[in-house]
Amino acid sequence: MLRPKKKKEKREKLSKDSIQRAKKLFSYLKPYRGLFTIGWVFLVLSSSIGLLFPILMGQLLGTGSEQPSSMQGALNLMNVDNVTTYAIALFIMFATQSFFSFFRIVIFTNVTENTLRDIRKDAFQQLIYMPMDFFNKNKVGELTSRLSADIEKLQETMRTTIAEFFRQLVLIIGSVAFLVYISPKLALIMLATVPVMAIVAVFFGRFIKKLSKRAQDEAAASNGIIEEALMGISNVKSFTNELFMIGKYVKTVDTIKSLNVKSGLWRGIFVSFLIFCMSGAIVVVVWQGLLMTQGPNPELSRGDFFTCMLLTIMMGMSFGSIPDMYASIQKAIGATENLMNIIDSKNEKALLTGTLKPEITGAVCFEKVSFNYPQRQDVSVLKALDFNVTKNQTIALVGSSGAGKSTIASLLLNYYPVTQGSIQFDGVSISDIETEHLRSHMAIVPQEVILFGGSIQDNISFGNIEATAEQIIEAAKQANAWEFISKFPEGLGTEVGDRGIQLSGGQKQRIAIARAILKDPKILILDEATSALDSESEQLVQEALNKLMEGRTSFVIAHRLSTIRKADNIFVIDEGMIKETGKHDDLIASNGIYANLVELQGVNALN
Ligand SMILES: Nc1ncnc2c1ncn2[C@@H]1O[C@H](COP(=O)(O)OP(=O)(O)OP(=O)(O)O)[C@@H](O)[C@H]1O
Ligand SMILES: [Mg+2]
């Protein structure tokens, strides 16, 4: 199964460097800063208004009991009025808060989605322009899953977490300020208990989560053992290793048990702790608070007492939610760092600095070209390769597997810079030619054709996006592809790829050939283009290729003698060097590597 390996969740620390990268994120926010600022104003307003709730509510709750002691019965009417006033004030508060929150959410989502769209676009643009070497180093599956995971983390954080984080901070700071204002003494008692308990509870909870995570991992491992044993059951039986496998399984099962029992113990402690300490803390605060409202000269009115209680509860909840939010902000900063790393890295546009646009006629010269793949410096793949190809020649590259034939094709396309020596097209060094210009004069028909999702027409016109329908049909005809395309009910509009119909290997290749014909390149590269075909489709493909090769320089990496025979020159590549050159008959006559290859592979028989 090709599931991308789960990366060990590295704990991203907030370092200077990562903050630096996160700063780049702000450059993405810039175009939307006006809207974003308005969003923040709404956020500040709705958060501050949230603070009014404990105050108004506390006073509302306190009005009834407070009044008789400080006010005369004659003011009873006023008393009623007070309650109503507070209630109305509360309603207005909620209404305003909902109004602000609505706009805050809409605006934050808007800004986030716009920003992410820009980041997605830039990241993809960056990826598609990355040099080939990048794709050797990074697995595509891992790259795409990491990219989408990173964007998801960023999305959640930008859309809600930052706003929530800020709101909770406002609530905490505001609560403390009001508490201190109302009663410094009660504030002190409260601060010494509730936040401490809340934080301890959160970290305790995390620790327990970690324990059960380990148990889960272990469970996955034990399932792996079952799968392995049952899939390879005949191995297990034939080697009579049943007891060994059972032993292996029992060991992991034991570990799961111990881990779960251990986490159960801690969970027990945790829950008792929560019940005891949290309720204890609340009892202490309520007890002390109530004491302050007693006596002939109470330090605290009833309303203020209720307000303090509500502020305390609100603050406890805010404290509890902060560590998780902080963690997810940290993760988002890590994600931003990854994304910005991709966006900041050097792509082909930055690396390939050639600017010349000489006329490319198809004359190619390799001058002492040595090459090793960037990530494998120790293995030299091509060694001082020297050859000269004039325009319209057909060159066959022949050699055993791993000799370096496809590597030559990659170098022609400027996928990698040569390690030593130089490649010239019409006398101009490849490093001076603008790569897009060069590639626009080349086409490759690879061994394994990959069609894009879309219609056959889309796939052929990939060779020349501006081609007309007539040109596409003409190309399909020349590629011997029209005959099968026209039989489909939807013709050129037939969907292919993952969601469309499946084409055979030969059909796909003829579409790739049509694509190359449409491009009308000066230099054509065919990488073992016919090796996977039965002889009937091979003949159709071969005919198409012969037409395609006319009037251009062709490099054919071929196993088929029919192609090789027609070649103007055959290069026999062995261990990264050209060991023999010449025409088929000469090479056979000289009885060297080529003659040996032909004999060994029996390619003669196919002709
Ligand atoms: N992307 C790569 N990174 C590192 N080494 C590579 C890479 N591609 C090929 N090689 C190595 O370079 C050498 C030549 O490979 P190349 O693909 O050019 O061989 P080939 O002649 O096309 O073989 P085949 O006939 O099997 O396709 C091989 O030893 C291979 O291991
Ligand atoms: Mg190859």
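Tutor: Angles under 35 degrees count as roughly parallel, over 145 as roughly antiparallel, 65 to 115 as roughly perpendicular, and the rest as oblique. Axes are lines fitted to C-alpha atoms, for helices over the stretch in contact, and angles run from 0 to 180 degrees between N-to-C directions. Helices (H or I, at least four residues) and strands (E, at least two) are DSSP runs, numbered from the N terminus. This is a predicted model, in which local features need pLDDT of at least 70 and side-chain atom pairs count only at pLDDT 80 or more, while totals for chains, interfaces and linings use all residues. Residues are numbered from 1 along each chain as its sequence is written, and chains are lettered from A and ligands numbered from 1 in the order in which they are written.

Student: At what angle do helix α14 and helix α16 pack?

Tutor: Helix α14 (residues 469–478) and helix α16 (residues 505–519) have axes 8 Å apart and an angle of about 125°. The two are therefore oblique to each other.

Student: Which residues make that contact?

Tutor: Residues are in contact if their C-beta atoms, placed from the backbone, lie within 7 Å. Here Gln471, Ile472, Ala475, Ala476 and Gln478 of α14 meet Ala514, Ile517 and Leu518 of α16. For classes, Ala, Val, Leu, Ile, Met, Phe, Trp, Tyr, Cys and Pro count as nonpolar, Asp, Glu, Lys and Arg as charged, and the others, Gly among them, as polar. The contact of α14 with α16 has six nonpolar, two polar and no charged residues.

Student: How do the axes of α5 and α6 cross?

Tutor: The axes of helix α5 (residues 140–182) and α6 come within 5 Å and cross at roughly 135°, which makes α5 oblique to α6. Val176, Leu179 and Val180 of α5 contact Pro184, Leu186, Ala187 and Met190 of α6. These comprise seven nonpolar, no polar and no charged residues.

Student: Where do α6 and α9 stand in this scheme?

Tutor: Helix α6 (residues 184–231) and helix α9 (residues 302–344) have axes that come within 9 Å and cross at roughly 30°, so α6 is roughly parallel to α9.

Terms used: Contact = placed C-beta atoms within 7 Å.
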